[in-house]
Structures are given as structure tokens and as C-alpha cells.
2 protein chains.
Amino acid sequence: MGENRRNRVTVDIYGEPYTIVGDESRSHVRMVASTVDDQMREIKSKNPYLDTKQLAVLTSVNIVSEYLKVKDQLEKLEEKNRKEEE
Amino acid sequence: MGENRRNRVTVDIYGEPYTIVGDESRSHVRMVASTVDDQMREIKSKNPYLDTKQLAVLTSVNIVSEYLKVKDQLEKLEEKNRKEEE
């Protein structure tokens, strides 16, 4: 993998630095990090007793839940378009 | 909110119990939890030195990244359909 042009981007999430290595653009990685940071702070404000690990796990839970819904919408729309083209 | 019929579902993610309260069905919550658990284990297998907090944050990063891509695809397809209907 060393020969690929992979980006290394260091971002700050909930006060700690994380180095993200991948094919994504730097701007995409920064937007992702900022979304995670925002969500963690939002969940913390509603649940002040949670520790950082629990906060991050619950952030993942929220986002997977949204992800599955959006993916379902996308699949339904693709299916609808396919039927209309027949 | 107490009067709503909100589900309380306790799930196990990466060896710890989390109680999720929300309007989602139990089966949806269980699928979400199992997706998060799988992703954490997958990232851990590739990065054994990560602690659970870092693992949880990086899992959120991966999931937000996928979420933003799928959401972008959905918005483009909706836009395309709107233009075709004009």
C-alpha cells in the first residue's frame, strides 16, 4: 500500500489528534472529522455522565442508524427508476 | 417524551451493554448495534494497538464517511429525477 498516493490527514476529534490514512480527499476527511466531533458533543450535552468511549460508540450507533435509512431510500429510488425504464 | 411509546433496547457492543432509547424498532436497533460491533472488531484486527476509545472514534469516522457518500448519491439521484420530470 506504501506505493499508493494515500493521503495522511491529522484531525482533531473531541480534543484528541487522529491521523487518518486513505484515498479520500483532505476536505472529505476534515468534514467527516468535524461531523463526528459535532455528534459527540451533541450526545455529551444530553448525556453528561457518558465517558468518551461510550460517547463514540453511541455516535457510531446514531450514524449507522441514519446510514441504513439513507441506504434504504437510495435502493428504493434506484429500484423505482429501473422499473420506470423498463 | 415520557408519554411516547419509545423502545428501550439493551444491546451489547464490543463487550459492553448499551441501552438505546428511541422510536426505532428493536430489530433495527439490534441490526445497528451488530453493524457497529462488527466494524469495531474489523478495525481492531487491522490496528491491534488501538484502545477501545480510539477504536470507537475511528469506527465513527469510517461510518460517517460512508454515510456522507451514500447521502450524496441519494441527493444526486433525487436531483436527476427532478430534472427529468420537468
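Predicted model: local features only at pLDDT ≥ 70, side-chain atom pairs only at ≥ 80, totals over all residues.
Residues are numbered from 1 along each chain as its sequence is written, and chains are lettered from A in the order in which they are written. Local features need pLDDT of at least 70 and side-chain atom pairs count only at pLDDT 80 or more, while totals for chains, interfaces and linings use all residues; side-chain values use heavy atoms, without hydrogens and water.

**View 1. Confidence of the model.** For the complex, the predictor gives an ipTM of 0.85 and a pTM of 0.85.

**View 2. Extent of the interface between chain A and chain B.** Contact (heavy atoms within 4.5 Å) joins 34 residues of chain A to 34 residues of chain B. The two chains bury about 3,300 Å² between them, counted as accessible area (1.4 Å probe) lost on being put together and summed over both. Carbon and sulfur atoms account for 76% of this buried area.

**View 3. Salt bridge of B:K53 and A:E16.** The closest N and O atoms of B:K53 and A:E16 are 2.4 Å apart. Four salt bridges (a side-chain nitrogen of Lys or Arg within 4 Å of a carboxyl oxygen of Asp or Glu) are counted between chain A and chain B.

**View 4. Elements of chain A that touch chain B.** Two or more residues each come from β2 (16-22), α1 (26-46) and α2 (52-85) of chain A, these being DSSP runs (helices H or I, at least four residues; strands E, at least two), numbered from the N terminus. The largest share, 23 residues, belongs to α2(A).
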